[in-house]
Amino acid sequence: MVLKAFFPTCCVPVDSGLLVGRWVPEHSSAVVLAVLHFPFIPIQVKQLLAQVRQASQVGVAVLGTWCHCRQEPEESLGRFLEGLGAVFPHEPWLQLCRERGGTFWSCEVTHRQAPAAPSAPGEDQVMLIFYDQRQVLLSQLHPPTVLPDRQAGATPASTGGLAVVFDTVARSEVLFRSDRFDEGPVRLSHWQSEGVEASILVELARRASGPVCLLLASLLSLVSAVGACRVFRLWPLSFLGSKLSTCEQLRHRLEHLTLIFSTRKAENSAQLMRKANTVASVLLDVALGLTLLSWLHGRSRIGHLADALVPVADHVAEELQHLLQWLMGAPAGLKMNRALDQVLGRFFLYHIHLWISYIHLMSPFVEHIRLYCLKIHGLSSLWRLFRGKKWNVLRQRVDSCSYDLDQLFIGTLLFTILLFLLPTTALYYLVFTLLRLLVVAVQGLIHLLVDLINSLPLYSLGLRLCRPYRLAAGVKFRVLQNEAGRPLRLLMQINPLPYSRVMHTYRLPSCGWHPKDSWGALCRKLFFGELIYPWRQRGDKQD
Amino acid sequence: MEDERSFSDICGGRLALQRRYYSPSCREFCLSCPRLSLRSLTAVTCTVWLAAYGLFTLCENSMILSAAIFITLLGLLGYLHFVKIDQETLLIIDSLGIQMTSSYASGKESTTFIEMGKVKDIVINEAIYMKVIYYLCILLKDPVEPHRISQVVPVFQPQVTPEVMGDREDRQQVFGVPYEQAKTQAR
């Protein structure tokens, strides 16, 4: 296998030294984590590496030498570098060399032991892969690969080589604590040497968050204890609580706040993202609420809205009356049964008159839907009688049955009457169901909007927009300028997660506002005249 | 080392396949697709605007004309950004993996990298699209059961699949290496 050397881009301009990193034999890759500069004392270097190995459970070792000099290295330097191989025995020993100001690199691999089988020509090629250490340190691969064996050096061969690289860099934070500018026994160069500054405000906020979380968590537990007391479980308060969407939303937000201010630290990154998304969602909620409130109160818009509502209700009632007058005449040229038409029309006109007085929206339509439902059931059973069959309740099927003559006579008569009255009722039913569907659709849209705002993972989306390397779907490679005879050089970059997958992975759990029935069941219910309440929450009782 | 050959795609447009050889362990295949033709663009724009003008004469509402302009612009931008592929590249790096890049006409690049450990095999598959076409695809291993195949990834998009006629050897020679050697190199 080709030997892959992962080299951090921050170490490209640094002075000569030793390469410190981890060797993964299963994938034949050397992950270089830092460069250790001259002068050093070998004993101190070995002590430092042993400490890092202990603390981070990563098998760091000296992998080879790094030479960055003005022109071709002199003989003495070459021999000195080779001699270092005896001080820090490592198999294989890498020797990377770069000319100052030049673009091409040279790389030699020395195997101490003779290879067991004669290798094919070109077997011992080296590939240099440059990676941005800070980005790889902070990024997180999706889907997260769990590396089961955390012991120093042991990695199962089935896990991808790249996941191992990411894992190695992420776990080697201990190595990155000391820098070449620190006054220590060893001088290391890594991503910290680039001088990226942290923000003091972030650090202060981090220190202050502990006691603040403790205080708020105790307050919230008090509030939930009050809310869970027996008084709220009795009717009518429980009925009110389940009907009002404000109470639902409050309960939902209380759960969120308890999650945010819990004093337990997030165990893995998924929980951390969840917490962060919840914070962003709560803040968005508060911000939207305050904006809406300020907009409504500015220039007394509430008064204007209230004034506009009553004429709108009157207008709707007038339109409905016109609709009923139209149905009572000859709607769309259809000939209706005059008597039934008049009865139904007057019945609904009276209801609308009541509605104008009492603003009650649903009941006239519901009564009529029940009427239609009864009619359909009556028709179906009389149709069975017409054919000489009946419904066997015990066996839940249709059986043949011999009826008496007078039973047959009355049944046939009733069947004929109902059948010829069907178009009239069906037309009324159609009109009112369409109106009711419109209202239900509007309600459903509002619920969907609320659900969307509640479950949008704002923090993750913001992170994907501003720091795309944090959420990685994978990596991508670019071949850098190469020359025949020199090792191949590749640049490894983070491939960010697409927005659809960010939404899918980090969606907050919604509060259950989605339709229970599928489209087919809905159509079936509509045809048979059953009542539909598609936006009921799970656990609500049926009407 | 570079090498170029011409093909035609399944709809008849001209394609150019470039093969680059960076090192013994790294090869790149670059497929350039036919550009957006001015003729089809003009035809579509004229149709949309004539239809909008017809509606305008019926309805006497000038919003229709503005809407037609917006729709044409947005449609063109959407087509260039999401549909029209300029170039597809396949980079094979020995013992690391296979990378497929699609660059769209608007400059967007979408890259997928498949690690060598996940690749079960590279095969030439047949599909029926009004006639039989052959396309290269990568079989991926199932993470749970290593003997099963979890996914079949076609190497080039259907719009730019080169039409390779001829017998089996010809088809295998499209990518420069015979089928058996492609398997060994990918290991």
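In this predicted model, the C-alpha centres of domain 1 and domain 2 of chain B are separated by 39 Å. The domain assignment places domain 1 of chain B at residues 36–82 and domain 2 of chain B at residues 117–158.

Attention may now turn to charged side chains. Side chains of opposite charge can pair when their charged atoms come close.

In chain B, Arg20(B) and Glu28(B) are joined by a salt bridge with an N to O distance of 2.5 Å. Glu28(B) has a relative accessible area of 12% and therefore counts as buried, since the limit is under 20%. Arg20(B), with a relative accessible area of 22%, is partly exposed.

In chain A, one of the salt bridges links Arg206(A) to Glu203(A), and their closest N and O atoms are 3.7 Å apart. Both Arg206(A) and Glu203(A) belong to helix α5 of chain A, which covers residues 200–227. Within this helix they are three residues apart, about one turn. Arg206(A) has a relative accessible area of 56% and is therefore classed as exposed, the threshold being over 50%. Glu203(A), by contrast, is partly exposed at 32% relative accessible area.

A further salt bridge in chain A pairs Glu483(A) with Arg486(A), with 3.6 Å between the closest N and O atoms. Glu483(A) is partly exposed, its relative accessible area being 36%. Arg486(A) is likewise partly exposed, with a relative accessible area of 36%.

Key. Residues numbered from 1 in each chain as written. Chains lettered and ligands numbered in written order. Predicted model: local features only at pLDDT ≥ 70, side-chain atom pairs only at ≥ 80, totals over all residues. Heavy atoms only, no water. Domains from an automatic or database assignment. Salt bridge = Lys/Arg side-chain N within 4 Å of Asp/Glu carboxyl O. Helix = DSSP H or I, 4+ residues; strand = E, 2+ residues; numbered from the N terminus. Buried < 20%, exposed > 50% of the residue type's maximum accessible area, 1.4 Å probe, protein only.
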